[in-house]
Structures are given as C-alpha cells and as structure tokens.
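This briefing covers strand pairing and selected side-chain contacts in one protein model. Please look at the sequence and the structure before reading on.

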Amino acid sequence: MLTFEVANPRIDAPPQIYLNGQDIGPVSLALPELADPGYRGEMESLVRQMHFQYTGWLRAQKIVPVTNLKVGTNDLIIVNGTGSWAFRNPRYADPIKVSLG
C-alpha cells in the first residue's frame, strides 16, 4: 500500500500513479465530511460544471500490485492533471522511493 498526503487536491481528478512505466490508476483520497470548511467550489469559463477542491492536506492511498514491482529500485511517478499541488510522505522526510530487495 502506497500512502502519502496531497495538498489542495481536486476532488474530481485525484492524482494518477505510474509504476515502472505502467499506469496503475488513480489514488483513493480520504475525504472529510462535506461540512468541512476546507471544501471550495470553483467555476471556470466555458465549463458548465462546478469543480470542487479541498484546501489543505488529504491522505492518498493506492494498492500497488505485486506484479508491477521489480527487484531493486522501482520508478514511481505521481501525476496530477490540473493545478498546482504538493505531496509529502507523512512518515519520512525523504522523497518517496519504492525498493524491493
């Protein structure tokens, strides 16, 4: 299980995970209740639907299939479709690195 935190994610477009060049899908975001004041709705010109973003850090998780891992260092890419964002690993100060030995 890959776990990290994302700052200011769009709720309708969670980050996508690529492992060793293969798309393993979007992460699952641990969302707080809708009454949380961190939710923000945004309208963009020429777009009929309102997009919701959460202001703050949210936990993101992805189950990594064992078949996608290789012995040694694995390449992990986290892609966010729109906007600016940051991520952090809450347990370690170093960047996320996936190794299998």
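The model is predicted: local features need pLDDT of at least 70, side-chain atom pairs count only at pLDDT 80 or more, and totals for chains, interfaces and linings use all residues. Residues are numbered from 1 along each chain as its sequence is written, and side-chain values use heavy atoms, with hydrogens and water left out.

- Helices (H or I, at least four residues) and strands (E, at least two) are DSSP runs, numbered from the N terminus.
- In strand β7 (residues 57-62), Leu58, Ala60 and Lys62 point to one face and are buried, where buried means under 20% relative accessible area, exposed over 50% and partly exposed in between (1.4 Å probe, protein chains only).
- Strand β1 (residues 2-7) pairs with β7 in the antiparallel sense over six bridges; two strands pair if DSSP finds at least two bridges between them.
- Trp57 in β7 is the bridge partner of Ala7.
- Strand β4 (residues 28-29) also pairs with β7 in the antiparallel sense, over two bridges, and Gln61 is the bridge partner of Ser28.

**Salt bridge**

- The whole structure holds one salt bridge, defined as a side-chain nitrogen of Lys or Arg within 4 Å of a carboxyl oxygen of Asp or Glu.
- Glu5 and Arg59 form a salt bridge through their side chains, at 3.8 Å from N to O.
- This pair links distant parts of the chain, with Glu5 in strand β1 and Arg59 in strand β7, 54 residues apart.
- Glu5 is buried at 13% relative accessibility, whereas Arg59 is partly exposed at 37%.

**Aromatic pair**

- One aromatic pair is found in the whole structure; rings of Phe, Tyr and Trp (its six-membered ring) pair if their centres lie within 6.5 Å, and planes under 30 degrees apart count as stacked, over 60 as edge-to-face and the rest as tilted.
- The ring centres of Tyr39 and Tyr54 are 5.3 Å apart and the planes are at 80°, so the pair is edge-to-face.
- Tyr39 lies in strand β5 (residues 39-42) and Tyr54 in strand β6 (residues 51-54), 15 residues apart.
- Both Tyr39 and Tyr54 are buried.

**Asn74**

- Asn74 lies in strand β8 (residues 72-74) and is buried at 4% relative accessibility.
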